[in-house]
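Have the sequence and the 3D view open while you read.

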Amino acid sequence: MKKKAKVSVIRTAVDYSGVEAAVEEAVELAGCSGIIEQAGKNILIKPNLVDLRDGESGSTTDRRIVGALIKTVGSAGSNAIVGDSSGLRWHGATEQVLKQTGMREYCENTGAEVVSFDATEPVRLEIPEGRILKEIHIAKPVVDSDIFINVPKMKTHILTTITGATKNIFGCVPGGQKSYLHSVGFTPNRFASLIVDIYSVIKPDVSVMDAVVGLGGMWRDQDIIRPGLILAGEDAIAVDAVMARYFGLHPLMIDLLKIAHDRGLGTADLDEIEIVGVKPEELYARDRERPKIFTVPALGISIARLLLGKERPVLNRKMCSKCDNCRKACPVDAITMIEGMPQFDLDKCIRCFCCLELCPQRAVGFKRGLLGNLFLR
């Protein structure tokens with residue numbers, strides 16, 4: 001009989017006050033303690049540092065979860081290295097994120113080396129089984145690490161439905177290369193396949209998810225969710241499948257997870273996953289925690305677009321600060337600034353919604369047409 005993937009789910013206070021004990025318990029229950037509690041290793045800890053907002057905003061991995069892992073690694077006699085490449089697209093952006101979120105100071109004070117992947121040497125890796133990509137350049141600290149701890153944030157996502165342990169791997173790609181990859185992955189299915197290609201050559205050893213505070217909808221302040229959970233497991237795909245279950249989604253109807261599952265890179269079948277800690281039947285979002293999820297899994301995306309109208313970015317001009325982040329983030333140069341305000345070229349737009357994801361004011365939203373807005377959440 002095939003051994004089930006194990007994913008632990010531990011409840012903790014939404015103010016992060018008990019997070020250190022929760023992380024320790026989650027790692028132990030998932031059977032991952034022996035992996036990260038080794039002496040003499042270089043252990044990379046990769047949070048999700050997509051933008052300038054801190055962990056309590058729901059946008060980025062909270063520094064206290066990373067700090068708990070640094071202490072575990074250090075007490076076992078290994079070296080902890082914390083690093084990421086942010087989603088922001090200007091020179092020095094990741095360094096600014098590290099400082100503004102408090103990640104750099106907190107982690108250095110806890111005993112880790114902290115690096116911006118954008119300031120490190122990229123290493124070319126071949127992807128033998130790649131469906132979209134045949135090679136990729138990855139930040140050197142990822143390739144050089146003995147053990148890779150993946151520390152994602154629980155969030156929904158317009159392009160990939162969810163963004164968690166699997167998609168967090170995208171941050172191992174430094175600098176502007178991510179913009180190019182968005183243009184290569186110009187449909188939701190292609191982008192999901194592209195992420196899985198990258199995942200196939202840099203699979204993490206352990207994933208510990210910050211599901212204490214997360215984001216749904218369009219990542220605005222009103223879209224913050226507070227599940228008060230820590231998830232952990234060796235199989236990042238299984239961790240994401242359990243997150244999908246929490247949202248009431250079927251994991252095998254999410255492209256990112258189904259593609260990885262079908263390629264044998266992990267399991268997204270809930271029947272093949274052992275959930276420990278919180279009882280599986282209790283693992284559903286309560287109404288106050290349930291985010292808006294912009295998808296209808298049972299309806300093919302091509303049919304949905306035909307019937308309900310193609311998604312398009314829209315601007316709330318009153319909220320726009322004219323910061324120019326959206327233009328810099330666009331991988332296909334579909335945004336121009338006119339009198340300081342972004343204008344969208346919908347013929348060029350590939351609907352990756354990097355503009356929405358990386359707008360610090362949350363001034364960019366999206367529409368699907370009248371029927372789409374009525375029937376899709």
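For sorting linings by class, Ala, Val, Leu, Ile, Met, Phe, Trp, Tyr, Cys and Pro count as nonpolar, Asp, Glu, Lys and Arg as charged, and the others, Gly among them, as polar. Keep in mind that this is a predicted model.

Searching the whole structure turns up four cavities of 30 Å³ or more. The largest cavity holds about 240 Å³ of space. It is lined by 22 residues, and N48, V50, K167, F170 and E357 are the closest to its centre. Three elements, β8 (153–157), α7 (177–184) and α13 (354–357), each give two or more residues to that lining. By class, the lining of the largest cavity splits into six nonpolar, nine polar and seven charged residues.

What about the second largest cavity, and how do its lining residues divide by class? Here you get 13 nonpolar, no polar and two charged residues. This cavity has a volume of about 100 Å³. Its lining is made up of 15 residues, with C330, I335, C349, C352 and C355 nearest the centre.

## Nonpolar cores

Now for the packing. The largest nonpolar core has 62 residues, and the ones touching the most other members are I136, I138, V142, L194, I198 and L231. Helix α9 (residues 236–246) is the top contributor to this core, giving nine residues.

Apart from neighbours within four places in sequence, I136 is in contact with V123, R124, L125, I127, V173, Q177, L181, I198 and V201. There's also a second, separate core, which has 49 residues, C32, L98, I149 and L358 among them.

## A buried arginine

Is R104 buried or exposed? R104 counts as buried because its relative accessibility is 16%, and the cut-off for buried is under 20%. Setting aside residues up to four places away in sequence, R104 touches E95, L98, K99, V114, V115 and S116. One of these, L98, is included in the second core described above.

How values were computed:
Residues are numbered from 1 along each chain as its sequence is written. This is a predicted model: local features need pLDDT of at least 70, side-chain atom pairs count only at pLDDT 80 or more; totals for chains, interfaces and linings use all residues. Side-chain values use heavy atoms; hydrogens and water are left out. On a 1 Å grid over the protein atoms alone, a cavity is a set of points where a 1.4 Å probe fits but cannot get out, and a pocket is an open set with protein on both sides within 12 Å along at least five of seven lines; lining residues have an atom within 4 Å of a point. Grid points are joined across faces, edges and corners, and a volume is the space filled by probe spheres set on the points. Helices (H or I, at least four residues) and strands (E, at least two) are DSSP runs, numbered from the N terminus. A nonpolar core is a set of buried Ala, Val, Leu, Ile, Met, Phe, Trp, Tyr and Cys residues joined through side-chain atoms within 4.5 Å. Buried means under 20% relative accessible area, exposed over 50%, partly exposed in between (1.4 Å probe, protein chains only). Contact means heavy atoms within 4.5 Å.
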